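Please look through the sequence and the model first, then go on to the notes below.

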Amino acid sequence: MPFAALAAATTPTAHIGLGLAAVGRPGYINLHRDRDLPPDRDVDALRARTHELLDAAYAQGVRYVDTARSYGRAEEFLAQWLDARPSFTDLVVGSKWGYTYTADWSVEAQKHEVKDHSLAAFERQYAETRALIGDRLSLYQVHSVTPDSPALTDKDLLDRLAALAADGVTVGLSTSGPAQADAIRAALAVTVDGEPLFRTVQATYNALETSAAPALAEAHDAGVTVIVKEGMANGRLAGDEAPAVFREIAADAGVGGDAVALALVLHQPWAGVVLSGAATVGQLSDNLHAAVVDLDDEQRARLDALIEEPEAYWRRRAALPWH
């Protein structure tokens, strides 16, 4: 598996990955994008920002980059950056298919992405990803799987994904919504010709939304690599938005609240890779301090008091505006 390289890594930041959702397109649901991105969010500006982040991440030991077909032009930006750095052969690249970006570079678009887990959508999007990333693609994930997704039951699609795995590309999935645990357990049960299909799972887990933890532990025990997204709850656990307990623990540790948020995730024994969704180099550097933050039992207990009911958490997330 491509993540075996990370298992042998000695740098503390190797298990923090960089997600490109926030910088591959002008509109996203993270808070305070008006502060984080330049006023002119044209293609050249976001390409430059993406390349700046990738340079900083690689220089500081990050070795996993996560993108998706629906992240605007993020795959394109990443491919251009990789083309200019052929010696960076130790980078693990993951992308996702299943959503199509439909906003046409507009923040005001009524619909920014459309979900489709059909075999036809896979074939189209895989060809698009391959045209950009080429043989540097290590991991291809079904984007945002829920328990009712055909990606868990469509035999023709599952056979095609198994063929992709046989060609050397690890097959995984990401999950979302209050039933993440159900989707993860259903994915663990999927086999093709007697072999488990999904070898990675990317799920939302943070101080506010912990409901997937038991299923993620089961996935880890089954040999599946767990990738954690949204560790800062789309900005709700960072900066001025962070609850007071985050700011207090961060002040004691001499770091930012975002580092505390990611440290909480890194401390989970099943967490293989934890994603930073930084939109600035400063945010990335702050996030990477999570690798050296220790949380004691008393601090973890204080953070546990913040946990929300999954349905309430996901309702609030769904209400976040694209801006």
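At what relative accessibility does arginine 73 count as partly exposed? The value for arginine 73 is 32%, and partly exposed covers the range between buried (under 20% relative accessible area) and exposed (over 50%), with a 1.4 Å probe and protein chains only. The model is predicted, so local features need pLDDT of at least 70 and side-chain atom pairs count only at pLDDT 80 or more, while totals for chains, interfaces and linings use all residues. Residues are numbered from 1 along each chain as its sequence is written, and side-chain values use heavy atoms, with hydrogens and water left out.

**Salt bridges in general**

- Side chains of opposite charge can pair when their charged atoms come close.
- A salt bridge here is a side-chain nitrogen of Lys or Arg within 4 Å of a carboxyl oxygen of Asp or Glu.
- The whole structure holds 20 salt bridges.

- Arginine 73 pairs with glutamate 76 in a salt bridge, at 2.9 Å from N to O.
- Glutamate 76 is buried, with a relative accessible area of 18%.
- A network of salt bridges links Asp44, Arg47, Arg73 and Glu76.

**Arginine 63 and aspartate 90**

- In the salt bridge between arginine 63 and aspartate 90, the closest N and O atoms are 2.9 Å apart.
- This pair links distant parts of the chain, 27 residues apart: arginine 63 is in the loop between helix H3 (43–59) and strand E2 (64–66), and aspartate 90 is in the loop between helix H4 (74–83) and strand E3 (92–97).
- Helices (H or I, at least four residues) and strands (E, at least two) are DSSP runs, numbered from the N terminus.
- Arginine 63 is buried at 18% relative accessibility, whereas aspartate 90 is partly exposed at 37%.

**Arginine 69 and glutamate 128**

- A salt bridge joins the side chains of arginine 69 and glutamate 128, at 3.1 Å from N to O.
- Arginine 69 sits in the loop between E2 and H4 and glutamate 128 in helix H5 (residues 119–133), so the pair ties together parts 59 residues apart in sequence.
- Arginine 69 is buried, with a relative accessible area of 17%, and glutamate 128 is partly exposed at 27% relative accessibility.

**Threonine 191**

- Threonine 191 belongs to strand E8 (residues 191–192) and is partly exposed, with a relative accessible area of 44%.
- Beyond its neighbours within four places in sequence, threonine 191 is in contact (heavy atoms within 4.5 Å) with Pro196 and Leu197.
- From threonine 191 to leucine 158 the C-alpha to C-alpha distance is 8.5 Å, and the two are 33 residues apart in sequence.
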